[in-house]
Amino acid sequence: MLDTFREVVTPEGVVLQLRAAGPVPRALAWLIDVAIRMGVLVAAGSVFAVLGRAGAGFYLIALFLVWWFYPIVFEVLWKGCTPGKRALNLRVISGNGGPLGWQAAFTRDLLRVVDMLPLFYATGLVSCLLDPWGRRLGDMVANTLVVHDAPPRALVEATAAPPIASTVVLRQHEQAALIAFAERGPRQSLARQIELANLAEPLTGLRGEAGVHQLYGLANGLLGRNE
């Protein structure tokens, strides 16, 4: 899927393009977190075992805290990341693009009980597949979003292309489209830029990355930018 971006306008008027994470990377991050929690519980069980029946009580308390508060504490204090999400370059944010708060973190994680029904996160998986931004029910209720936190790779900067004068007369809406491509392109994946550049092949006569550079050059020519 090339169009996995959610555009959010902040109160300051800044436009954010958030690349929503799908169910596969989220599931992998969850498995990593489960493995970490299981490791912590095994270590705690070994320590509490020497305390006999009292140790069993302490272990149950540790089980509750680790299983339910592990994601909440990490996501709020570690900028929306658990260790599993950090390993997969994922992050939980508010629906408006802001940082995750305590209330939203509690809501989305406590509703895992619903997302896990009837077995193996079936409800959450169906919700992620049907929602355009891959949200499970907990995310919808808490107004949160899991996004890719890694910077986009292989982006082509508009300023890297020398200005090119168009050989045909461009109408006003065509000029506006070129300028919009130059402004938004560097924030999109290379695959998305190529897809758009291929649509403009009748104008540039080029496809692929060559077409991308040609569009940036035409836009720089319209804007009067130097190389």
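Among contacts in the protein (heavy atoms within 4.5 Å) between residues at least 6 apart in sequence, 66% join residues at least 24 apart. The structure is a predicted model, in which local features need pLDDT of at least 70 and side-chain atom pairs count only at pLDDT 80 or more, whereas totals for chains, interfaces and linings use all residues. Residues are numbered from 1 along each chain as its sequence is written, and side-chain values use heavy atoms, with hydrogens and water left out. The secondary structure comprises 11 helices and four strands, taken as DSSP runs numbered from the N terminus (helices, H or I, at least four residues; strands, E, at least two). Of the 227 residues of the protein, 37% count as buried; buried denotes under 20% relative accessible area, exposed over 50%, and partly exposed the range in between (1.4 Å probe, protein chains only).

Strands β3 (residues 90-94) and β4 pair in the antiparallel sense over five bridges, pairing being assigned if DSSP finds at least two bridges between two strands. Within this pair, Leu90 stands opposite His148 of β4. Strand β4 (residues 144-148) is mostly covered, with four of its five residues buried. The loop between α7 (137-142) and β4 contains Asn143, a residue that has a positive phi of about 55° although it is not a glycine. Asn143 counts as partly exposed because its relative accessibility is 40%.

Arg108 is placed in helix α4 and counts as buried because its relative accessibility is 1%. Beyond its neighbours within four places in sequence, Arg108 is in contact with Arg26, Glu75, Val92, Arg136, Gly138, Asp139, Ala142, Thr144 and Val146. The C-alpha atoms of Arg108 and Val141 are separated by 7.1 Å, the two residues being 33 residues apart along the chain.

Nonpolar cores were defined as sets of buried Ala, Val, Leu, Ile, Met, Phe, Trp, Tyr and Cys residues joined through side-chain atoms within 4.5 Å. In soluble globular proteins, nonpolar side chains tend to be buried together. The largest nonpolar core here has 12 residues: Ala161, Leu170, Leu178, Phe181, Ala182, Ala197, Ala200, Val212, Leu215, Tyr216, Leu218 and Ala219. The elements that give two or more residues to this core are α8 and α11 (208-223), and α11 gives the most, with five residues. A second, separate core has 11 residues, including Ala21, Leu90, Ala104 and Ala142.

Helix α9 has Leu190, Arg192, Gln193, Ala197 and Asn198 as buried residues. The buried residues of α9 pack against α8, α10 (201-204) and α11. With residues up to four places away in sequence not counted, Ala197 touches Leu206, Gly208, Gly211, Val212 and Leu215. Gln188 is found in the loop between α8 (172-184) and α9 (190-199), and this loop residue counts as buried because its relative accessibility is 11%. Gln188 and Arg19, although 169 residues apart in sequence, are 9.3 Å apart in space, C-alpha to C-alpha.

Open space was examined on a 1 Å grid over the protein atoms alone, where a pocket is an open set of points at which a 1.4 Å probe fits, with protein on both sides within 12 Å along at least five of seven lines; lining residues have an atom within 4 Å of a point. Grid points are joined across faces, edges and corners, and a volume is the space filled by probe spheres set on the points. The largest pocket holds about 560 Å³ of space. Its lining has 25 residues, of which Arg26, Ala27, Trp30, Arg112 and Tyr121 lie nearest the centre. Two or more lining residues are given by each of α1 (23-48), α2 (53-77), α4 (102-110), α5 (112-115) and α6 (122-130); α1 gives the most, with seven residues. By class, the lining has 14 nonpolar, two polar and nine charged residues, where Ala, Val, Leu, Ile, Met, Phe, Trp, Tyr, Cys and Pro count as nonpolar, Asp, Glu, Lys and Arg as charged, and the others, Gly among them, as polar.

The loop between α5 and α6 contains Pro118, which is joined to Leu117 by a cis peptide bond with omega of about -15°. Phe120 is also found in the loop between α5 and α6, and has a positive phi of about 55° although it is not a glycine. Phe120 counts as exposed because its relative accessible area is 78%.
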